[in-house]
Amino acid sequence: MMKHITAIALLLASPAIAEGEFSEGSKAKAWGVAGEEPALFTGKVVDILCELTGDCAADCGGGQRQLGILRDADQALVLAAKNSQAAFTGAANELAPFCGQMVEVDGNLVGDTEVSPVKFYQVQTIRAIGTEDWTKANKWTKDWNAANPDLKAIKGPWFRKDPRIAEQIEAEGYLGLGAEVDEAFKKEWFE
């Protein structure tokens, strides 16, 4: 356990990169998010849990783990937490086909360095090293719809229909603090 805590502490204690250090040549679209900066860089697609703890699974976890990019320039482990879609969906679907490969990514580093020295990455486009064509990082919703065809007829956004989210709300409530806290919150704020 101490090994895991030490690895995470080292990751989070890494010095913040210089503002705009990777912005040259980036074509990333701005989102107007705090601390946002365009970033174009190369690196290896990795399973973050594997990198931090040594608990490695085949094929970067087969879509069940968070992925990141071990940046070539400084060996920083960059958390790719978002793709280019408007919904705040993860980038694991986008990176999974490139598991263990060297890639070039373009997107935005996001985060307020006055609050935390670590920024997460919003990948907008990706390509394997040695290829010319960029792939847009926008397939998460298509993948979700393909995995949940029986839910397509239900109106509303994916997160209102996702069985995993419904199960979590059932167990922990909307606020994550249990049904009793949810009820007290509703009474205080909405009645």
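The model is a predicted one. The protein contains 7 helices and 6 strands. Read from the N terminus, the order of elements is α-β-α-β-β-α-β-β-β-α-α-α-α. The chain has 191 residues, and 35% of them count as buried. Among contacts in the protein with a separation of 6 or more, 57% are between residues 24 or more positions apart. The accessible surface amounts to about 11,900 Å². Carbon and sulfur atoms contribute 57% of that surface.

The structure has 2 disulfides. With bonded cysteines counted along the chain, their pattern is 1-2, 3-4. Cys 56 reaches 47% relative accessibility and so counts as partly exposed.

The other disulfide connects Cys 60 and Cys 99, with an S to S distance of 2.1 Å. This pair links distant parts of the chain, and its cysteines are 39 residues apart. Cys 60 sits in the loop between helix 2 (48-53) and strand 2 (67-71). Cys 99 sits in the loop between helix 3 (92-95) and strand 4 (102-110). Here the S-S torsion is about 85°, so the Cys 60 to Cys 99 disulfide is right-handed. Cys 60 counts as buried because its relative accessibility is 8%. Cys 99 has a relative accessible area of 23%, so this residue is partly exposed.

The cavity search gave 1 cavity of 30 Å³ or more. The volume of the largest cavity is about 40 Å³. Its lining includes both Cys 60 and Cys 99, the two cysteines joined by a disulfide. Asp 59, Gly 63, Gln 64, Arg 65 and Leu 67 are also among the lining residues. Ala 92 and Ala 96 belong to the lining as well. By class, the lining comprises 5 nonpolar, 2 polar and 2 charged residues.

Ala 57 lies in the loop between helix 2 and strand 2, the loop that also holds Cys 60. The relative accessible area of Ala 57 is 34%, so this residue is partly exposed. Neighbours within four places in sequence aside, Ala 57 is in contact with Asp 47 and Arg 65. Arg 65 also lines the largest cavity. Asp 47 is 10 residues from Ala 57 along the chain, and their C-alpha atoms are 8.2 Å apart.

Ala 86 is placed in the loop between strand 3 (77-82) and helix 3. With a relative accessible area of 71%, Ala 86 is exposed, because the value is over 50%. Ala 86 and Trp 31 are 55 residues apart in sequence.

Terms used: Residues are numbered from 1 along each chain as its sequence is written. This is a predicted model: local features need pLDDT of at least 70, side-chain atom pairs count only at pLDDT 80 or more; totals for chains, interfaces and linings use all residues. Side-chain values use heavy atoms; hydrogens and water are left out. Helices (H or I, at least four residues) and strands (E, at least two) are DSSP runs, numbered from the N terminus. Buried means under 20% relative accessible area, exposed over 50%, partly exposed in between (1.4 Å probe, protein chains only). Contact means heavy atoms within 4.5 Å. Accessible areas come from the Shrake-Rupley method with a 1.4 Å probe; for residues, only the protein chains shown count as cover. On a 1 Å grid over the protein atoms alone, a cavity is a set of points where a 1.4 Å probe fits but cannot get out, and a pocket is an open set with protein on both sides within 12 Å along at least five of seven lines; lining residues have an atom within 4 Å of a point. Grid points are joined across faces, edges and corners, and a volume is the space filled by probe spheres set on the points. Ala, Val, Leu, Ile, Met, Phe, Trp, Tyr, Cys and Pro count as nonpolar, Asp, Glu, Lys and Arg as charged, and the others, Gly among them, as polar. A disulfide is a pair of cysteine sulfur atoms within 2.5 Å.
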